[in-house]
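Open the model in your viewer and keep the selection panel at hand.

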Amino acid sequence: MSELSVDHLLGIKYLKPEDIDLIFKTADHFKEVINRPIKKVPSLRDITIANLFFENSTRTRLSFELAEKRLSADVINFSSASSSVKKGETLIDTVNNILAMKVDMVVMRHPNPGAGIFLSKHVDASIVNAGDGTHEHPTQALLDSYSIRERLGEVKGKKIVIVGDIMHSRVALSNIFALKLQGAEVKVCGPKTLIPKHIESLGVKVETNLIKALEWCDVANMLRVQNERMEISYFPSTREYTQQFGLNKKILDSLNKEIVVMHPGPINRGVEITSDVADSNQAIILDQVQNGVAIRMAVIYLLASKINR
Amino acid sequence: MSQKMLLNSKEINIILHRLACQLIENHPGFEDTVIIGIQPRGVYLAERILNILKVEYGLDAIPFGQLDITFYRDDFRRSSKPLEANKTKIDFIVEDKKVILVDDVLYTGRSIRSALTAIQSFGRPKEIELLTLIDRRFSRHLPIQPDYNGRQVDAINDEKVKVHWKENQEEDAVYLISK
């Protein structure tokens, strides 16, 4: 297979295993490109991409922008803080106005779940979802799996535990879809209040004891507690959360095997993960960031090749 | 569809030796010279020539790279099929080196144009030469000519020239395929 089965990247839910293979194979080439003395290829010279960020982001936004520039696409940036959205413009109007300037692809982050899917039905451009509320964050899940594949050889058959705020995490949901699609075993771990009911229906198991979960797994993906999405208190205090679900060096060293530690960022050092763990050899947090650029290049390249002129 | 053999294994072997000797004439010790094969098919040709240089002339330290030009092509989104990449493996900088680009068939010249752009990502070479096994003259879209050439072929646009290598197709041969 040399073509994606989808025209937009809205979520991992819509992908097939072959799509993931193709994205990874393409990302391998781009990883080589971004380690060259001159880290740029001219493939997307005639493509214009708009990055629309209706929600704050550092890593994802920079990573997308860098990926686009490495492919020689023209890039325009937009963030809602300084835009007419504040004046009451609707999403479709905003995007159609941008498309009127001849934009081929839209990378969008939005606080509302399903915003990307909605947009893909109403506007004429390729849409890449860069995070829609608590729904999906497909490129993050792809780069996470890609990083696991890079460290452990393959994703199939590996045991991955996702620890933390599962309820509010689009990273968790996309990761669950991606890992299951590639044949990994997945557990989620966290305070009962932050684990959605019926999550087992996605084929994952729930474990509320961190030590047990870590002893079972090959990879631990430590999520951030998303205070900004919580309207009520889900656990008594940050200190108590850290005591029960925080990963420190002592716990890591007490395990009978070397597990791989991941974190999608931004890290709250000392809350879900201590500094000595985040900076240890077992953590691949910065590899994840580097792979993010290669993965996003692959996604954009493959989607751009499907745009009809 | 019919096919006609243009070169057999013996003829290819003679040509490969001649090309190797011509390279030695211009690059006596290969001190500042690197050989870069264009993926996928130029790599087979480059490896053959390197092997002759090594076995028969003792030149075994020539830097060899494999260059994939997919991301540099000018027909992205113009061809019906998406372009699938191959591996690029160049472990050296070409800055101030003499580069010999190797490809099996020179046709429109567009691949070579892409390769010339791609090479720049690895530094600024002192000079670049082109070695091809088959030159389909009269088919060029760009002003590009080989410096070392195996055989010139006059083929019309409907026809295809296909090079087979023992490594992947059991025999060394060059075929002219017409519809």
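This is a predicted model: local features need pLDDT of at least 70, side-chain atom pairs count only at pLDDT 80 or more; totals for chains, interfaces and linings use all residues.

**Stop 1: chain B**

Select chain B and colour by secondary structure. Chain B has four helices and eight strands. Now trace the chain along its sequence. The order of elements is β-α-β-α-β-β-α-β-β-β-α-β.

Next, look at the overall dimensions. Along its principal axes, the C-alpha trace of chain B spans about 45 × 40 × 30 Å. How does the radius of gyration of chain B fit a compact globule? For 179 residues, such a globule would come near 16 Å, and chain B has 16 Å, so the two agree.

Turn to the interior. Of the 179 residues in chain B, 37% count as buried. Then consider which parts of the sequence meet. Take the contacts in chain B with a separation of 6 or more: 68% of them link residues 24 or more positions apart.

**Stop 2: where chain B meets chain A**

Show both chains. Here 14 residues of chain B are in contact with 14 residues of chain A. Colour the chain B side by residue class. That side has seven nonpolar, five polar and two charged residues.

**Stop 3**

Zoom in on Arg170(A). It lies in helix α6 of chain A, which covers residues 170–181. Is Arg170(A) buried or exposed? With 24 other C-beta atoms within 10 Å, Arg170(A) is buried; the cut-off for that is 20 or more. Now display what Arg170(A) touches beyond four places in sequence: Gly131(A), Asp132(A), Gly133(A), Thr134(A), His135(A), Glu136(A) and His137(A).

Move on to Arg224(A). This residue sits in a loop of chain A, between β8 (219–222) and α8 (238–245). Arg224(A) has 19 other C-beta atoms within 10 Å and is partly exposed. Leave aside its neighbours within four places in sequence, and Arg224(A) is in contact with Gly164(A), Pro266(A), Ile267(A), Asn268(A) and Glu272(A).

To finish, show Arg170(A) and Arg224(A) together. Arg170(A) is buried, whereas Arg224(A) is partly exposed.

Key: Residues are numbered from 1 along each chain as its sequence is written. Chains are lettered from A and ligands numbered from 1 in the order in which they are written. Two residues are in contact if their C-beta atoms, placed from the backbone, lie within 7 Å. Ala, Val, Leu, Ile, Met, Phe, Trp, Tyr, Cys and Pro count as nonpolar, Asp, Glu, Lys and Arg as charged, and the others, Gly among them, as polar. Helices (H or I, at least four residues) and strands (E, at least two) are DSSP runs, numbered from the N terminus. The radius of gyration is taken over C-alpha atoms; the globule rule is 2.2 Å times the number of residues to the power 0.38. A residue is buried if 20 or more other C-beta atoms lie within 10 Å of its own, exposed if 12 or fewer, and partly exposed in between; C-beta atoms are placed from the backbone.
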